[in-house]
Amino acid sequence: MDVPAPVLRMSGIGKQFPGVRALDGVDLRLLPGEVHALMGENGAGKSTLIKVLTGVHPADSGTIELAGRTVSFAGPLEAQQAGISTVYQEVNLCANLSVAENIFIGREPRRRGRIDWKRMRARAAELLERLELDVDVSAPLSSYSLALQQMVAIARAIDVEARVLILDEPTSSLDAGEVRQLFHVMRRLKEEGIAILFVSHFLDQIYEISDRMTILRNGRLVGEYLTRELSQVTLVSKMIGQELAELERLHGEARTFDRPLVEARELGRTGAVEPFSLTIHEGEVVGLAGLLGSGRTEIARLLFGADHASSGEVAVGGVPAALRTPRAAMAHRIAFCSENRKRDGLIPDLTVRENIVLALQATRGWTRPVPRDQQDELVGRYVKALKISPPNPEHLVRNLSGGNQQKVVLARWLILEPRLLILDEPTRGIDVGAKAEIQRLVAELSDGGMAVLFISAELEEVLRLSHRVGVLRDRRLVADLPNDDTLTTDRLMETIASGGRA
Amino acid sequence: MTTAILDRLGARGRSVPAKYVPVLVTAGLFVAMFVVGGIRYEGFATGQVILNVFIDNAFLLVVAVGMTFVILTGGIDLSVGSVVALSTMISASLMAGPGWPPYLVVPLVLLIGSALGLVMGYIVHAFDIQPFIVTLAGMFLARGLCYTIGTDSIPIEDPTFTAFAQTRIDLFADLWISPSVVIAAVVVLVAAYVLHYTRLGRTVYATGGSEQSALLMGLRVGRTKVAVYTISGFCSALGGVLLSFYMLSGYGLHAVGMELDAIAAVVIGGTLLTGGSGFLLGTVLGVLVLGLIQTVLSFEGTLSSWWTKIFIGLLLFVFILLQRLFSARRRT
């Protein structure tokens with residue numbers, strides 16, 4: 001088969017950080033009009049490779065060729081001017097400015113030094129039309145969904161005659177419909193001959209969109225493969241370097257539980273979630289499924305007292321309880337791992353130990369500090385149990401990978417030995433290995449009698465873990481389904497789509 | 001009465017873009033105060049009353065324009081009052097002592113003010129220190145420098161300077177303004193142009209919206225931050241010159257607390273203290289509202305001037321709460 005000349009060729013790239021060999025002789029080539037997936041676990045060197053490519057870090061060895069010419073960039077701006085644009089996981093735009101301005105700021109069309117707003121809006125509208133997006137370009141960016149903001153970021157990236165577009169985990173906060181929209185845009189760009197480098201943790205998405213993939217492991221190249229010639233199982237085993245036993249269905253049976261722990265009756269909050277009733281029993285894993293913004297997180301926040309309920313009541317262990325603040329919820333031994341670990345959960349400048357002890361300290365009050373040897377003992381135990389790596393409790397949390405940060409959040413709450421553990425998207429943006437570990441942990445905890453409310457955008461994950469699944473749609477709990485043999489992802493999907501009426 | 005108007009404006013706000021709502025609220029407040037004043041007091045509802053507000057607050061307006069730039073980037077400049085005082089002091093002492101002519105003194109003063117702003121901006125940017133603390137230091141420094149020049153009030157007797165200060169520019173129908181008002185108006189127009197039509201201005205908004213994003217979009221964030229403090233320093237110095245016209249003296253105790261008046265005007269004008277959102281027109285309206293409160297109190301006659309502070313305090317509370325409500329509604 002004939003292969004066109006690559007737009008970009010990186011060969012023998014090496015990068016050394018203090019104490020770590022981040023990249024070692026890695027090759028990567030991008031062909032025009034192809035979506036190329038960069039695969040690997042957290043810490044495999046994907047981000048470092050992208051940073052070397054875009055000039056954030058200089059390479060220690062190796063060469064980068066763009067359209068046959070050797071290049072080296074001093075920064076992302078220079079890379080962008082050469083036609084290599086990057087769109088990151090977090091949307092790096094200014095939500096207070098208009099859509100048009102976000103696309104053009106820094107290179108606005110001007111006439112005699114004066115910004116030509118009319119031409120700017122016209123060009124922005126033209127560009128978004130090319131991506132088949134229907135957007136009012138003079139509206140502030142904040143009035144659009146995260147997915148659309150991401151498209152605007154892409155529009156900004158391709159306006160500068162991009163030859164290479166790097167999408168670094170663009171889909172991790174999008175729901176299924178939004179991902180479809182993004183893929184549509186990606187296919188269009190592909191047709192225009194742009195080479196796209198795509199990073200994602202969702203294997204299904206990789207198989208749907210990518211033509212070719214490069215796999216990294218521990219900073220080394222495993223190989224380059226055509227996506228259609230590599231099965232998912234082989235891919236995963238190549239990524240983690242060992243055969244992965246098929247992730248077994250951890251619970252997947254509808255058991256009956258008879259000891260209700262937390263009962264919500266007609267609990268609701270105006271504008272956030274409509275009144276719902278939900279009972280969580282001891283030892284039960286209740287999954288919450290629904291699209292982004294369907295009210296999943298809102299339910300969790302109500303049960304944890306992070307938001308005030310405007311109606312209804314909660315009983316814990318059969319006794320009515322007022323969960324008005326997180327402190328009150330914690331007193332009933334309810335714990336909440338939030339969705340946004342960076343913003344709500346972790347303090348990046350503290351060490352692993354300090355982060356883990358935080359919640360325990362909060363329950364004791366500041367007048368009774370947790371003795372240091374007790375801290376070390378507890379933290380040591382959880383670092384080992386959860387396989388937090390590096391296993392050094394004095395490491396700063398910000399230097400940990402996403403999966404390990406998530407484990408730190410988990411450890412913090414597990415120390416309190418909660419009766420109900422609320423997990424909001426605990427496996428988002430983390431790699432397959434860590435995901436499996438966290439899932440197994442949830443199963444173990446519930447076998448030990450802990451109740452778990454498990455929220456995830458991945459329906460398979462919800463199905464694999466839960467005894468019962470609550471389905472949300474448009475801020476309403478539309479169904480409460482036992483997880484028996486008849487419950488499949490297809491049926492969940494139908495329930496979400498039909499709103500439980502069928 | 002006022003709340004009823006606020007409510008009505010808020011309700012109508014759904015048809016206007018959300019970003020204009022705070023400015024409209026302030027405009028409504030200004031109109032309401034003017035109407036109420038006109039009904040209560042004889043001789044209040046005249047054009048000259050509004051022009052007098054401009055004449056008495058031209059210096060504050062110029063200072064608040066500089067402050068708007070800084071607050072739009074998400075920063076704050078506490079040094080403005082002291083820089084105003086220092087400017088009056090340098091002007092007065094140079095004209096009184098060595099007898100320098102105004103056309104030398106004024107540019108020098110503007111240069112000193114800009115330089116002070118430049119240095120503070122550079123420190124904020126280069127060492128990544130909170131602007132609050134850097135400009136607090138600048139505030140003490142400039143105020144202290146006033147007293148090294150002299151501890152007493154120095155009168156300005158330069159004939160050119162006083163003649164210019166006392167000029168009346170007649171408009172139609174017995175209305176008049178001072179040259180300071182013209183200068184302030186030019187500053188406002190230039191600043192509005194810069195904010196809306198230049199890369200510098202748009203980078204100011206982007207920086208206030210999200211500094212991290214602005215950096216990643218390849219904007220010159222550092223240069224912009226230094227620029228806004230320089231602009232604020234320049235505006236403070238110019239405000240100082242206008243205050244010298246108004247007071248015809250230089251004194252280390254001039255403009256004590258003016259930084260807070262300027263911040264209040266900007267906030268009442270609808271600019272978010274966190275940056276990225278607001279209009280210069282709002283700042284103009286903010287200054288007008290503050291000025292009109294004083295006018296109303298002087299027409300009332302029986303109330304002491306401290307009531308000004310009380311009203312400004314109450315207004316600030318209301319506006320900060322309003323901002324909170326609007327931003328909360330936008331998020332949901």
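## Basis of the model and domains of chain A

Domain bounds are taken from an automatic or database domain assignment, and for chain A this assignment gives domain 1 (8-240), domain 2 (256-333 + 419-502) and domain 3 (341-417). The C-alpha centres of domain 1 of chain A and domain 3 of chain A are 34 Å apart.

The model is a predicted one, in which local features need pLDDT of at least 70 and side-chain atom pairs count only at pLDDT 80 or more, whereas totals for chains, interfaces and linings use all residues. Residues are numbered from 1 along each chain as its sequence is written, and chains are lettered from A and ligands numbered from 1 in the order in which they are written.

## Overall form of chain A

Chain A has 17 helices and 22 strands, where helices (H or I, at least four residues) and strands (E, at least two) are DSSP runs numbered from the N terminus. Its radius of gyration, taken over C-alpha atoms, is 24 Å, close to the 23 Å that the globule rule (2.2 Å times the number of residues to the power 0.38) gives for 502 residues, so chain A is as compact as a globular protein of that length. Along the principal axes, the C-alpha atoms of chain A fill a box of roughly 70 × 50 × 50 Å.

Of the 502 residues in chain A, 45% are buried, a residue being buried if 20 or more other C-beta atoms, placed from the backbone, lie within 10 Å of its own, exposed if 12 or fewer, and partly exposed in between. Two residues are in contact if their C-beta atoms, placed from the backbone, lie within 7 Å; among the contacts in chain A with a separation of 6 or more, 69% are accounted for by residues 24 or more positions apart.

## Overall form of chain B

Chain B contains 14 helices and four strands. The radius of gyration of chain B is 20 Å, close to the 20 Å given by the globule rule for 332 residues, so this chain is as compact as a globular protein of that length. The C-alpha trace of chain B spans about 60 × 60 × 35 Å along its principal axes, and 48% of the 332 residues count as buried.

## Nonpolar cores

A nonpolar core is a set of buried Ala, Val, Leu, Ile, Met, Phe, Trp, Tyr and Cys residues joined through C-beta atoms within 7 Å. The largest such core has 169 residues, of which B:Val62 and B:Val63 touch the most other members, and helix H3 (residues 47-72) of chain B gives the most to this core, with 15 residues. Leaving aside neighbours within four places in sequence, the contacts of B:Val63 include B:Val80, B:Val84, B:Cys235, B:Met258 and B:Ala262. A second, separate core of 70 residues includes A:Ala329, A:Val409, A:Ala451 and A:Leu465.

## Helix H12 of chain B

Helix H12 (residues 258-268) of chain B is mostly covered, with ten of its eleven residues buried. Among them are B:Met258 and B:Ala262, together with the charged B:Glu259 and B:Asp261. After H12(B) comes B:Gly270, whose phi is positive, near 95°.

## Contact between the chains

The contact takes 20 residues from chain B and 17 residues from chain A. On the side of chain B that touches chain A, helix H9 (199-209) and helix H10 (211-216) of chain B each supply at least two residues, and H9(B) gives the most, with five residues. By class, this side of chain B has seven nonpolar, nine polar and four charged residues, where Ala, Val, Leu, Ile, Met, Phe, Trp, Tyr, Cys and Pro count as nonpolar, Asp, Glu, Lys and Arg as charged, and the others, Gly among them, as polar.
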